[in-house]
Structures are given as structure tokens and as C-alpha cells.
Amino acid sequence: MSRRHLFHRRPLLATLAAFAVLGGTAAAAPAATPEAPARSAGPLGALDDTYYQDALGKTGTALKGALHTIISDQTKLSYSQVWDALKATDEDPANASNVILLYTGRSEPKSDNGGNVGQWNREHVWAKSHGDFGTATGPGTDIHHLRPEDVSVNSTRGNKDFDNGGTELGDAPGNYTDGDSFEPRDAVKGDVARMILYMAVRYEGDDSFADLEPNDSVSNGSAPNIGRLSVLKTWSEQDPPDTFEQRRNDVIFDQFQHNRNPFIDHPEWVEAIW
Ligand SMILES: [Ca+2]
Ligand SMILES: [Ca+2]
Ligand SMILES: [Ca+2]
């Protein structure tokens, strides 16, 4: 039996608590099983004892390698399946008919997805040209770094690296861009950093895709790199994981890919590796 079959179910109490925080109802919670272990030793107790047991106590490349093995055990989605997945992972906690768009922060009807101006589409936070993985099943369909975003703002971000600075976007206040980089709004800076670093650990070149790695450049072009690492590390510290990001990680784990973003569960592992 694989790791995910042993550990992918979320404890009932934690599920109910998360929905209470989000203003949802218990009836909307995903099914939990009576035999699921409780997270009695704090929010991470059960995960540390099970999912992360081979990573605990490690640092540097040993930690990165252990996490790569752990999170590579996953279910993979097709690009068309990503639409419905994002409607669940990025649901507006205040309106179950909507999703929250990553950069604009706008609440938009789930049904308004598509390619026209004003609609939302699938933003690859690790721009798919950086490593040229496209939308074949793999990094291009990994919902840990895919987010709903306004079609025009997605286009403005394009395949730019991440860095501070630039001109504020008129249609997405709080976000800035210049000729070679994009700065997301403060509330999602850490989310962006942790998505990029997840991709670096998950994709190590041992499958048919490139080894993705962060660096400190803003001129990576089509190289399998995203910058700037120093800025992403700062963003991760400034914007620690919140309830929305943690719930998103749980929904991906419970319902879709059955793997986790370790940096949402253990933000201190950013510094332990980089
Ligand atoms: Ca720049
Ligand atoms: Ca955040
Ligand atoms: Ca890598």
C-alpha cells in the first residue's frame, strides 16, 4: 500500500475546525473516516508522525531529497481536470459559488472561467516556459502552483521572474511589474514563494521533465529556473501561511493529488534548504 493510501485522509476534527474557521458548514466538509487518526498533538502532530517522518531532523540537501521522495508519491491530473480542481482549492470562503483570484484578490464566479477578458483562467505561478513543460500531465498540471487569475493580469505577469519593484497594475492594485519581473500583492507574496519552492523540490529531473530550481536572476528566459530566490525567501517570512493557504494544501492532499506542499506545513524548511 502506498504512502498516500495510508495517510491522505484528513482527521474529522481538523476538517470540521477548518470549515468552522472558513464560515462553512459541516455538511459541506469532505468525507472523513472514523479510523482516521486525530491531529491531537497540535496541527502538525499526525502529519509529522506519518507523512513527514522521513524528513524530520534533516537539513540541506538531505531534507530536500527526503521531501522529494515524499511529495513525488501523488496522483496526477490532466490539464482539463485542473479547472474543476481549482474551483475546489481556491473557493471563496465567503461565497461557495466563487473562487478568489491570486493576484487581483477578486472574488469571481467559478462558472466564469475561460479565455476572454474579464474571465479567470489557469495561472502557472512557475511560468511554464521556464523549463518548457507546457500543459502535459506533470509540472504544467500540478495544482500546487496553479491558481485562478484574471485573464488580463495573467497575461501581464506572463513568464516574468519575481522581484520587488515596478509600476502598480491598474487592474490589480498592490501588484507591480516592470520589464523583467513581477511583484504580487503583499497578501500572497509568501504563497507565491512557497509554490515556487515546492516546484523546486518536486521536480528534480528524474522524470521526463526538467530539474526546476530557483536562482537570483530576473533574466532566466526559458531556463528551468525562477528568480529571485533571495526575494522569495523574504516574502515567505513576511507572509506566513494563513487559513486559506493551509486549507488549499489540505484539499489538494485529501481530494486531488494526495501530496502536500511541505513549506506550508513547515515554513522553517525554506531556510533549512536555502
Ligand atoms: Ca525588475
Ligand atoms: Ca498569504
Ligand atoms: Ca529541482
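Predicted model: local features only at pLDDT ≥ 70, side-chain atom pairs only at ≥ 80, totals over all residues.

Reply: Residues are numbered from 1 along each chain as its sequence is written, and chains are lettered from A and ligands numbered from 1 in the order in which they are written.

Me: How many helices and strands does the protein have?

Reply: Helices (H or I, at least four residues) and strands (E, at least two) are DSSP runs, numbered from the N terminus. On that basis the protein has eleven helices and eleven strands.

Me: What percentage of the contacts with a separation of 6 or more comes from residues 24 or more positions apart?

Reply: A contact requires two C-beta atoms, placed from the backbone, within 7 Å. Among the contacts with a separation of 6 or more, residues 24 or more positions apart account for 58%.

Me: Is Glu 123 buried or exposed?

Reply: Glu 123 lies in strand 4, residues 120–124. A residue is buried with 20 or more other C-beta atoms within 10 Å of its own, exposed with 12 or fewer and partly exposed in between, the C-beta atoms being placed from the backbone. Because Glu 123 has 21 C-beta neighbours inside 10 Å, its class is buried.

Me: Which residues does Glu 123 touch, not counting those up to four places away in sequence?

Reply: The C-alpha atom of Glu 123 is separated by 9.0 Å from that of Gly 158, 35 residues apart along the chain. With residues up to four places away in sequence not counted, Glu 123 touches Leu 102, Leu 146, Arg 147, Glu 149 and Asn 154.

Me: Which residue in strand 3 stands opposite Val 99?

Reply: Strands pair if DSSP finds at least two bridges between them. Strand 1 (residues 91–92) and strand 2 (residues 95–100) run antiparallel, joined by two bridges, with Glu 91 opposite Val 99. Strand 2 also runs antiparallel to strand 3 (residues 107–109), through three bridges. In strand 3, the residue opposite Val 99 is Glu 108.
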